[in-house]
Amino acid sequence: MAARDRYSRKLECARCRNEGFAEVSEADDKRLKDPDFKVDFLPAGFTSERPSRDPAKHMIRCRCGHVFAFKQKSHYAPGGDPRR
Ligand SMILES: [Zn+2]
């Protein structure tokens, strides 16, 4: 098994300003075509609308009904804040 990279990323709803930190993981090897992205934890008020193994296609739904891609405007450098 390849090592998995775990990190948290801030989610912020553009409509109601609900925010929190999601815990996610993906394959450590960035050369892989399939990052095998997975959301392990979502903060209160957010749910997975359409899960995907690609963070740019993984859709998050906010409690206000606003749906957005997990990876859009990033508050951090690409790849997020690695936690080891
Ligand atoms: Zn919202």
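Reader: How many helices and strands does the protein chain have?

Author: Helices (H or I, at least four residues) and strands (E, at least two) are DSSP runs, numbered from the N terminus. The protein chain has 0 helices and 7 strands.

Reader: In what order do the strands of the open sheet stand?

Author: Strands of a sheet pair through backbone hydrogen bonds, either parallel or antiparallel. Two strands count as paired if DSSP finds at least two bridges between them. Here 3 strands form an open sheet in the order β4-β5-β6, with antiparallel pairing. Because β4 (46–50) and β6 (67–69) each have a single partner strand, they stand at the edges, and one side of each is left without a neighbour in the sheet.

Reader: How many bridges join β4 to β5?

Author: Strand β4 is joined to β5 (residues 59–62) by 4 bridges. T47 stands opposite R61 in β5.

Reader: Where is confidence lowest and where highest in the protein chain?

Author: pLDDT is the predictor's confidence in each residue, from 0 to 100. Where pLDDT is low, the predicted coordinates should not be read in detail. In the protein chain, confidence is lowest in β7 (residues 81–82), at a mean of 54, and highest in β5, at 97. The mean pLDDT of the chain is 87, and 82% of its residues reach 70 or more.

Terms used: Residues are numbered from 1 along each chain as its sequence is written. This is a predicted model: local features need pLDDT of at least 70, side-chain atom pairs count only at pLDDT 80 or more; totals for chains, interfaces and linings use all residues.
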